[in-house]
Structure formats: structure tokens, C-alpha cells
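Work through the exercises below with the sequence and the structure at hand, and try each task before reading its solution.

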Amino acid sequence: MLVSHLLAQRELRLTAVTDPGDWAEVPISWSSTTELEDPVPFLRGGELVLTTGLRRRTRREWDQLVRDLVAVPVAALCIGIGLVHDRVPAGLRDAAERHGLALLTSPVDIPFIQISRWTADQIFAEQYARTRLMIRLQDEIMGALLAGRGLRHLVAVLAQHLTAEVAVLDTAGTVLEQHPSAARWPVEEVAAASNQPQTAATSGTVSLPVRADGVVVGYIAARGPSEQVTLLAPTANLVGLEIARRQALVSGSRELVAQVIADIVHHGLPEKEAQRKLAQLGLDPQGSHRVVVASSAHAASLLRQRPLDLVALLQGRSDPYPMCPLDDGIVVVVGADGDARTVADRLLHYLDGRPTAAAVGVSGLHRGSHGIRIGYHEARHAQGQGSGVQECRTLSLPGLILSSADLPLAELASSLLEPLRRYDAAHGAALEATVRLYLEHDGSMADTCRAMNLHRNSLRYRIGQIERLLGKRLGSTQDRLELWLALQVLAPPDD
């Protein structure tokens, strides 16, 4: 309800003293009758303040009162004429014009209770209409969600009821769905509105986070009349609850996938049993597959909490390929006719912005359950090439060993190289660097001497020290392989 509505009621016979062009469209939240010397502590903002001016005030006192009311701010001040004052006090009029306060008068035969009652009736009627709209809106939204009609229908329903432009965005600010389709949603505008979700911003935009189990999974934004778009808050909560429910169902199916993949990859499930379980997942047990593994600091837990595809989730679509959280990452098994690279790119986008850079590995094409096991380790090995999406190169036997999460390689390597590292630390020597370069140069004395700028006798002396400290012979293929693997697992001490 606006001040202009109040002035338009002929039975109230209110008159504007100051120019209504500046304040006629100001909304009224309530009415308050007062004769206090300082009513400000009892005002919350937006009130129509009614007074007879019982307390006589000087120009300075009127000015102070008006400045305080404008600072609250109140919607308007109405002074009764004919009881205490025959006309508006000059000090009050001047102060209202100077500070921009909406100043009205009411005749003595119109009691303040009549004005307050009319104001309250209008406010209650408005609140009742908003409540009915909210109930209808929630009923339609819930029906749309339960029917799996998807984001497009949801956004269209919101736009119709709110008489506003509406959009749903993902956590990166990408518009997933909007109505009308020609609307534009600048990231800066949505971000600014999300910082003040209870009221519409100057642009008329409200942006609210959608939370599922406390995790922000997206945003609902609306741009339109402020009294309408504030109804968005309960809708955002409702959508969040439905997303959480659906996400829990999807997570349950992914955990079943994880059990099968873990059994094949880590526990060597017998071939017949593996084929039976792969068929239950919708995979061809005799077919060829690629494995995609995506990892970051919280990849597995993130997949359980936040939808990978919000649009697909609300439409009730399942994962296009078997997917699951496994170990510290996300694993996807893609059939020969699928596009593993696109899957990898989507996972990288999904994990982007996490505290640790994401690494996504894509394996080669391998047949059957054994192929899935090899593909998993290939994808893990590919991740070691760096962040981003990495295609697997041919996986050697040492590469397979180094990619295995089940082997205590770091512990074994540290134990093997500890005598060298302890000696280097105590004597300022470089025995570990020496053996590393010696093996990198395929045991060539000449190449190693050139690389380290050493005399051949000095290198022989160092190799003798290394063999005594480790109890290994660098001329033995087995010992040389063991040392090479240990050095591959552990980075140089200075790295």
C-alpha cells in the first residue's frame, strides 16, 4: 500500500502539504499514533506517523524531529488540524520541505483510529493476497517437481506467478534455464543481488542460493516488482529440498556402482561374477570400455553432495554412463560408442574452482572386466601427467605398479633410500642425486660423469659408497630396477 492510495481515499479527506511528486509512491508498512517528544525509538521504518502536535515545538525542535523521522525512514507524517493547531506549524512545514518528508494533514472530524483502521485493512488484505499467492505457487512448484517436469516448466511457472523474469543458474553463474528466453543475467547483477536476498536490489533483482543438505547447488534469480520477487525465498527452499531428495537417490545408485567397480579394480572379482555384475549396471560384459578418473581435493565427497547436472537431476534422468565416487576421485566407465573426452571435460568443469587443481585421466579402450581394471590404472597413470584432462599413453608394467593405490610404494621407497638420505644430510653429500643420474643415463659411467662434471674415479667411489650403504649392487638388474622404482615414487629432497 502506497501513500498515494491513502491520499486517494476521499472519505479520509487527507491533504498533501509537501509536493507528493517526490513521495507518493512510498509504501506504508503500518500506522503509529504518537505524541511523544521523541517517537523514533519506537519506529521500525515505513510507518505512517499520526500526531496532533500536542507538544509545542520551536522551529529548531520541529527541524530535529523531521530529520530524525527521515533518517528512520518513515513513509509519511500526518498532523491533525483543528484540535491543537488550526494550521500546519510553519516550522514543521519548512522542515518537511527542506528534508523531503511526506507531510499530510487530516481534519479534526476524521479520527486517527479511522485512518489507522483503513491502513491496517489494506495491509492485511495485501498480506492475505500474498499468502494465497505463495500457497498456490508452492503447490504448483511441488507438483512440477514431483512430476519431474524439469527446470523449464518450473521457471515458467515462477515467471507467470511472480510477473517477473526468472532464471536458474549453476554455482559458476551459468544460466541453466530462464523465462523469457531473451532475458539477460549479468553476473555482476546476480552476485550483487545474492548479497541482499531479502529485498529486491535497485535493479529489482533478487538472487537466492538453492541449498541441498546445506550445500549451495545453484541459484534462483528473479527480476520484477519487489513485492512479488521476495516470494522467491520459500520457493528456493522447496526446490532445495527436492534436489536433496533426488540427489540422495542418485548417490545411492552410484554407491552400488562403486561396490562393483571396487570389486573389479581392487579385489580381482572372478570373471563370471564380474560379467554378471557389469550386465546389471547396463554394461556389455564382453564389450570394450574406456575409464575416466577425475580427482581433486574433495572430488568424491563433492559428487555425493552436489548435482553433476542440475537440469538432468530435476528431469529425473539417470547418469548416461555408470559413475561413482571411488578412492579419492570420480570414476566413469564409458562404452566404445561413447565420448570419453566429453565426459572428462564435463568432470573437469564440475571440479573447477576446488582448492586443489583437478586432474582427469582417460584410459585406452580395453575389453571385458579385465579391461576395466587395466583402464582404471591407465587413467590413474595419466593423471600423473598434470592437471586438466590427460589422455593415457601406453601403460608399462612399472607404470601400472606406480599407479596402484593399494601398494605402500612411498613407505617402501622411503625405507630403501633412508640410508642415502641420512648420509647426504649428515655429510652434505649427493649420493641420492648420483644414483638418480646414473640410472637415468642407463648405467653409463661416461654420460653420468659428464652430467655431474665428475672424474670417473670420483663416480666409482660414490657408487661404492651407495652399494655399501644400501646393501645393493648397481650391476644387478633386480637391484637396479628396485632402486629406479623407489626414485620414481619419491621426488628429490629439494623438490
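**Exercise 1.** How many bridges join β1 to strand β5, and in which direction do the two strands run?

Solution. The model is predicted, so local features need pLDDT of at least 70 and side-chain atom pairs pLDDT 80 or more, while totals for chains, interfaces and linings use all residues. Residues are numbered from 1 along each chain as its sequence is written, and side-chain values use heavy atoms, without hydrogens and water. Two bridges join β1 to β5 (residues 103-107), and these strands run antiparallel; strands are DSSP E runs of at least two residues and helices H or I runs of at least four, numbered from the N terminus, and two strands pair if DSSP finds at least two bridges between them. Within this pairing, Thr-15 stands opposite Thr-105 in β5.

**Exercise 2.** Find the order of the strands in the open sheet.

Solution. The five strands follow the order β1-β5-β4-β3-β2, with mixed pairing. Because β1 (15-16) and β2 (30-33) each have a single partner strand, they stand at the edges, and one side of each is left without a neighbour in the sheet.

**Exercise 3.** Decide whether Asp-63 is buried or exposed.

Solution. Asp-63 belongs to helix α2 (residues 59-71). Its relative accessible area is 14%, so Asp-63 is buried (under 20% is buried, over 50% exposed, partly exposed in between, with a 1.4 Å probe and protein chains only). Beyond its neighbours within four places in sequence, Asp-63 is in contact with Ala-95, Arg-98 and His-99, contact being heavy atoms within 4.5 Å.
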